[in-house]
Structure formats: C-alpha cells, structure tokens
Amino acid sequence: MLESSLVSGLTSAGADAYIMHVTTTASVSYITRTDGFDCGIMISASHNGFEDNGIKLIGAGGEKMDEDVIARLENFLDGIEGEYPVVSGRDIGASHDYVCGRNRYTGHLIALSACSFKGIKVGLDCADGSAWQIAKAVFDALGAKTYVTGCSPDGFNINRSGSTRPEVLCAMVRENGLDCGFAFDGDADRCIAADEFGNIVDGDGELYILSRRLKQLGELNDCGIVATVMSNSGLTESLSSCGIPTHITKVGDRFVYKMMCEKGAQLGGEKSGHIIISKYGASGDGLVTAIKLLEAAAERGTTLSALLKGYKSLPQVQLSVRVRDKISPFEGGRLPSFAERQREKFGCARVNVRPSGTEQVIRIMAEGENEENCRRCVAEIARYLNDM
C-alpha cells in the first residue's frame, strides 16, 4: 500500500520511479549512488515492528539526507512551504520494475570477499525482513554452509528475531555447533554477530575486529574510527592500546558518517550494529559487515572469539522506557541532572539518557565497573522518569 501510494505521488509530480521491491536499505543506497539516481527512497520500519513503517530518504551519493532537507520536506507535506506540483499528459512520470538493481547489489556483495568460506558453518537470522533472500544467496555463493532463521516474512512478523533479539541466533549457533552467526534487522543495515560459542559480538566488538583488520591491511589511516556516545568505553581504551584513536559522536548512522567525513575516517559505527566502511558505501550495511567479519576470520584460519583478544568491555546496562512525551523530561535539564546524581550515588563511570529517534521511548544507559550498581542506577532513573 505504501509503495503504491509513493509511486503514484512521484509519477504524478513528473518523476520516474524505479522499483526494487523487497530489498535492503543498503542496496537502495548502493544503487542510488552507482546508477546515478537523483535520490533513493526506502520504505521500512528499520529495527521496529511493522506498525512503525516510515520512509528513509537517501541522497544521490548514497548517504542519508541532511536533517535540514528532511525538515523542509516535512514543512512541505504539512502545507507550510509551497504547494504539491501536479503535472498532466506527457509530463507524467513512469514507473519501472528495477529488480535488476537488487540482483546487481547481490553480485556486488559476493565480489567483496577475498577468500572462500567453504567448510564454514554460518547461521543467519534475517529477522523476517528484507535480507531473507539476499543473505542466504550471498553466503551460499561464497561457499559457506548456511543455517537460516527469520526467513518467512508475512508482513507482520518483522523483527521478532534478528539483531534486536540476538539470543535467537546465539541459540541456533550453539544447538547446531556453528562456527559463527549473523543477525540482521528488518532493513538489514544492522548486524550483530555471534561467535562459535554462541556469545554475542555487538557493534563495538565488530568495530574492534574490523579496525584492527583494516589497520593490518594498511586501509585504516591515522584518523582512527568513529563511534557513538553509546559505545562502550572499553572499546576506546582497547583500541588506544593498539594505536587506533576513536572519535565520539551522537547516536545515529547519519551522525557517524558525517563525522567520518569530517575526520577522514574509513570506519565508523554503533553498538547496535550499524557499521559503515567508507570504501564500500555511505551507510550502514549489515551484509557487508558480516562478510568482512567472516573474511577476517577465514583468512587467518581462526574464530571470531580469537579476533576479540585484547578487547575488554565495561559492564553496561541499558533500558528503554516508553513515554507519551519524550521531549519534556529534558526541559530545564531535569532528567539529565537527576541521572547525573544517580551516577554519582551508585559510582558509575558514566550515564546517558536520550530520546529515541525512531520510537516513543527514552533510552537509559549506565556503565561502570560494577554491573549491579549500573542496574540499580538505571532502575532509579527509570522510576524517576515514570513518575514525571
């Protein structure tokens, strides 16, 4: 329904719409950039349930559109800025089936690995989302023996497993004795990995593995990498001991990519599994992340857990609190001030409270040497928030 409405609106304004059908956000970014389109549009609920379907806008270079451009578009839709252009006759645009773009992106992924994955048993959790056909095809073509779950989408079950619920993947890895596994979110721009023991390797662990790998290949310059305020402090300290600096920015792959451009960094990402390798694109790509992680292990004949040697993370507790209003608690610094007092009370190294960019929730994080104190700190902040 959303696709049909969107295509109708675009063509009625004189634009041509090229439809890639069910595909990943990263594939839209890749095809927009490589095929010379003016922009890309992705209909997706991202890592949320189907009720949260929305629209992601992608610029001609494959990057997420700037906030000021999106704000102008929203003003336009609300009737604040300009009127909707309508054309007629020969000026009406056309719609084109462009599944070939998705197929070309699949070929691009297969060509990324410098080695075969033959003999490696890999678990894939596609979250009943857009990667359900692409992921298996890619890893099968690279020689891996694949075990797949989350590959029966019905339009309503998206993200009931995947990167936001990696315990499903971890159980599959353990039960089948797999070498590793990768869980994607609904639009497959995130990837959370599992090592051979079924232990979670989150975005911070992935950044640690990939940054050391890129440095070994001479592809990581002195600019280091970009992470976010939600990344574990242990990542910064562990990479520092390897001579790799870390730059910190706000949560959101848009902000990660912006700082990567400013600093000249080749790698950036988030704890949630959004990883950007500038050599391969301008947005997070869960499938590229999975391929490059497995390549790092396969070329050395080792495991993901072995590649994490030297990485030590601090205990970190996170909680999302659903609220009616996610802005007013921050007015006058009320919530941040209370959170800081709790940090001091429980002896945590740091706390972070922020409104979600995609859901009606406020996210709370506490980090420190004592996990139980972090839990108590988060619980107190959540209780305060619920009473506001």
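**Figure 1. Aromatic pairs in the predicted model.** Nine aromatic pairs are counted in this structure, which is a predicted model. Tyr 18 belongs to strand β1 (residues 17–19), whereas Tyr 98 lies in the loop between β4 (95–97) and α4 (99–110), so the pair ties together parts of the chain that are 80 residues apart in sequence. Tyr 18 has a relative accessibility of 36% and therefore counts as partly exposed. Tyr 98, at 15%, counts as buried, because buried residues are those under 20%. Ring pairs also bring in Phe 37, which is linked with Tyr 18 and Tyr 98 into a cluster.

**Figure 2. A lysine over an aromatic ring.** This view shows Lys 250 and Phe 255. The charged end of Lys 250 sits over the ring of Phe 255, at 4.3 Å from the ring centre.

**Figure 3. The open sheet and the pairing of β5 with β6.** Five strands make up an open sheet in the order β6-β5-β7-β8-β9, and their pairing is mixed. At the edges of this sheet are β6 and β9 (200–201), each of which pairs on one side only. Strand β5 (residues 121–125) and strand β6 (residues 145–149) are paired in the parallel sense, over five bridges. Between β5 and β6 the chain passes through helix α5 (residues 134–141), and this β-α-β crossover is right-handed. Within the paired strands, Lys 121 has Lys 145 of β6 as its bridge partner, and Val 122 stands opposite Thr 146 in β6.

**Figure 4. The surroundings of Lys 271.** Lys 271 is placed in the loop between β12 (267–269) and β13 (275–277). With a relative accessibility of 17%, Lys 271 counts as buried, because the limit for a buried residue is under 20%. Its side chain makes a polar contact with the side chain of Gln 316, at 3.5 Å. Leaving aside residues up to four places away in sequence, Lys 271 touches Ile 192, Asp 202, Gly 203, Asp 204, Met 230, Ser 231, Gln 316 and Gln 318.

**Figure 5. Helix α8, its cap and its cover.** Helix α8 spans residues 233–240, and its buried residues are Ser 233, Gly 234, Leu 235, Ser 238 and Leu 239. An α-helix has 3.6 residues a turn, so residues three or four places apart point the same way. The elements covering the buried residues of α8 include α7 (203–217), β10 (225–228), β11 (246–249), β15 (350–355) and β16 (361–367). The N-terminal end of α8 is capped by Asn 232, which has a side-chain oxygen 2.8 Å from the backbone nitrogen of Gly 234.

**Figure 6. Asp 325 and its contacts.** Asp 325 is found in the loop between β14 (316–322) and α12 (334–346). Its relative accessibility is 38%, so Asp 325 counts as partly exposed. The side chain of Asp 325 reaches the backbone nitrogen of Ile 327 at 2.9 Å. This side chain also makes a polar contact with the side chain of Ser 328, at 2.9 Å. In sequence, Asp 325 and Ile 362 are 37 residues apart, while in space their C-alpha atoms are 9.1 Å apart.

Definitions and conventions: Residues are numbered from 1 along each chain as its sequence is written. This is a predicted model: local features need pLDDT of at least 70, side-chain atom pairs count only at pLDDT 80 or more; totals for chains, interfaces and linings use all residues. Side-chain values use heavy atoms; hydrogens and water are left out. Two strands pair if DSSP finds at least two bridges between them. Helices (H or I, at least four residues) and strands (E, at least two) are DSSP runs, numbered from the N terminus. A crossover is right-handed if, with the strands pointing away from the viewer, the path from the first strand over the helix to the second runs clockwise. Rings of Phe, Tyr and Trp (its six-membered ring) pair if their centres lie within 6.5 Å; planes under 30 degrees apart count as stacked, over 60 as edge-to-face and the rest as tilted. Buried means under 20% relative accessible area, exposed over 50%, partly exposed in between (1.4 Å probe, protein chains only). A charge sits over a ring if NZ of Lys or CZ of Arg is within 6 Å of the ring centre and within 35 degrees of the ring normal. A polar contact is a pair of N or O atoms within 3.5 Å; within protein, one must be able to donate a hydrogen and the other to accept it, and residues adjacent in sequence count only if both atoms are side-chain atoms. Contact means heavy atoms within 4.5 Å.
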